[in-house]
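Here is a briefing on one protein model. Have the sequence and the 3D view ready as you read.

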Amino acid sequence: APDCKSIMEWLKSVHFYRKVPADLTEATLAGGTISLLSSLAMAYLFVSNFRSFLQIETVTSVRLDESQEKKIQINFNVTLHHLPCRFASVDIADVMGTHLQNVSANIVKTRLDADGGVLGRAAARPRPVEHAVARSVDLGVPVPKVSPELDVDGMREAARSRKLVLVNYYAPWCPWSRRLQPVWEEAYANVMQKPFARDVLMAKADCTGAGANLCREQHIHAFPTVRVYRHHAAVSHESYVGDRTHEALERFVEENVHDDDHEEAVRSGESEVGGVGEGCLVKGVVLVNRVPGNFHISAHSKAHSFQPGQLNMTHEIGRMTFGRPLTPAMLRLLPDDVAAAHDVLARTLHVATGQNTTLEHYLKVVHTSHVLGRRQIDTYQYTANSNNYQDGGSLPSAVFSYDMSPMQVLVQTERKSLASFLTQLCAIIGGVFTVTGLVDGAPEERVVVQAP
C-alpha cells in the first residue's frame, strides 16, 4: 500500500547510523592496531566497572542520638581471681545521685578455685549472720581470754593432736572481731567441759600480732574468719559461715567433732568449702541511667571487716557490652571495625601490681545504628582507657566508669543501582569507540589535505 511504503521511506530518512558500502571502506594496519587496543581498553573498563557494581559501599554519618530510652543495659562477665564470691559486691553510682549496693538481680556468681575450676554457684546474697552478746556482759563481769593464741607452729601442733580445730582469725581494730571475741571465749569454756573436749580445740590468731605469718599462710583477708580443720591437716579450705552465737558455735562443734568430712556441715549452710586463692566469676546484666556513672565490684560484707592491703582486685574481662546482646549472626553482618569496637575489653587481663590497688576502666560509649536495606541493627561502640592507682585507706575495687555520647553514628550500606551501571557501561563503550575513531581518522584527514 502507498501509505505503508511512505512510512518506511520516512523511517529510512531518520536513520542516524547510515551504513557505508563495504566497497568504499579500506582496512589499514594502523586501524587494526587501534581497534585491538580499543577493544582491550573497553574490556578492562567493563570489568573494573562491573566489580565496582558488585561491591557494597559503606556510608557513615553522625547525628544527634534520637533514642528515647532512659536506661541502657550493660552486659558483663568478669572473673576476680582473688576475691571470694561471698564478699564480691556489684555497686552502681551515677551523677544523678543513684547509689545501689550489692546489686543481685540478674547477676550470677560462680565460685572458682585458684586454677579457674568451678567450685559451685554462690548465693545471690549471703544469708544474714546472727550475732550474740556475751552472757557475762549482763552480769557486769569481763570475759577472760582463755582460748589458746596460735602462731604457725602452734597451728601445726593443734592440728596434729586434735580431730577438730576451729580457729578465729581476728584483728583487734575490727568491730566484728571485738563483737565475736567474748562470745568465742564463752563458747570455748563451755566446749572444754564436754566429754569430747580432748578431741576438739577452739583457738584464735591475731593477724596483726603473733599470728600474722599464720594469717598470710592461710590467705586471710577478712575479719573475723573462722576456719575449720579436720583430719589433722594444718591447711584448711573450709570456713565456718554460720551464726556467731554460743548455741550455733557449740552445736557446730558437737555435730562435727566426730564427722570425717564436711558434707553435712556444707549442706546445712554452716560451713563453706573453698580453696587457696579462691576467686569469683561475676556475670549478668544491669540497667543504668543514660548519664555518666560507674558500676564497680568490690569487697563488701555486713559481718566482716577487710584489711585493704590484703585485697587483690586482679581480674579478667570475658565480656563487656552495652545494649541488647547481639547474636553471632548479627555480629557477622556488622563491618569489622564496628564489630571490634562492640566489645573492646573482651578477653583482657588486668593485674593489680601493688597493695590496695584499684583498677579503673573509663568507657566512652557511642550509639551506633547499622542499616542493612530495610533491617536496622542497633549496637553500642566504645573506647576504653584503663588505669590503676593506690586508693589510700579505702578498699580497692574494679571500677567501670561509662559516659554516654549525645551523638549517634549511622552506618548505611549502599549498592550502585543497575541504571547507574548501565549508564556508565554505555559511556565507556561509546566514549572509547568515539575517541579511537577520531584517532583512527586523523591520518586520513591529513592525507586528504595534502592531496591537492
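Ile 107 stands opposite Gly 284, a residue of strand β13. That strand, residues 279–289, pairs with β5, residues 107–112, in the antiparallel sense over 6 bridges. The model is predicted, so local features need pLDDT of at least 70, side-chain atom pairs count only at pLDDT 80 or more, and totals for chains, interfaces and linings use all residues. Numbering starts from 1 along each chain as its sequence is written, and side-chain values use heavy atoms, with hydrogens and water left out.

**The sheet**

- Strands are DSSP runs of E with at least two residues, helices are runs of H or I with at least four, and both are numbered from the N terminus.
- Two strands count as paired if DSSP finds at least two bridges between them.
- In general, strands of a sheet pair through backbone hydrogen bonds, either parallel or antiparallel.
- Here 6 strands form an open sheet, ordered β6-β5-β13-β2-β16-β17, with antiparallel pairing.
- β6 (118–121) and β17 (348–350) stand at the edges; each has a single partner strand, so one side of each lacks a neighbour in the sheet.
- From one strand to the next, the twist averages 25 degrees. Such angles run from 0 to 180 degrees between N-to-C directions, with axes fitted as lines to C-alpha atoms, for helices over the stretch in contact.

**Cys 280**

- Strand β13 also holds Cys 280.
- Cys 280 is buried, at a relative accessible area of 0%. Buried means under 20%, exposed means over 50%, and partly exposed lies in between (1.4 Å probe, protein chains only).
- Cys 280 and Tyr 402 are 122 residues apart along the chain, and their C-alpha atoms are separated by 23 Å.

**Salt bridges**

- A salt bridge here is a side-chain nitrogen of Lys or Arg within 4 Å of a carboxyl oxygen of Asp or Glu. The count comes to 8.
- Glu 278 bridges to Arg 111, with the closest N and O atoms 2.9 Å apart. This pair links distant parts of the chain: Glu 278 is in the loop between β12 (271–273) and β13, Arg 111 is in strand β5, and 167 residues separate them. Both Glu 278 and Arg 111 are buried.
- Arg 230 and Glu 238 meet in a salt bridge of 2.9 Å, N to O. Arg 230 is buried at 7% relative accessibility, and Glu 238 is buried at 4%.
- Glu 157 pairs with Arg 160, the closest N and O atoms being 2.5 Å apart. Both lie in helix α4 (residues 152–161), 3 residues apart, about one turn of the helix.
- An α-helix has 3.6 residues a turn, so residues three or four places apart point the same way.
- Glu 157 is partly exposed at 40% relative accessible area, while Arg 160 counts as exposed at 53%.

- The buried residues of α2 are Gly 31, Ile 34, Ser 38, Met 42, Asn 49 and Phe 53.
- Phe 50 also sits in α2, which covers residues 29–54. Phe 50 is partly exposed at 36% relative accessible area.
- Phe 46, Val 47, Phe 50 and Leu 54 form a nonpolar surface patch with about 340 Å² of accessible area together.
- Patch residues have over 30% relative accessible area and no salt bridge; like charges are joined within 9 Å, nonpolar side chains (Val, Leu, Ile, Met, Phe, Trp, Tyr) within 5 Å.
- Accessible areas come from the Shrake-Rupley method with a 1.4 Å probe; for residues, only the protein chains shown count as cover.
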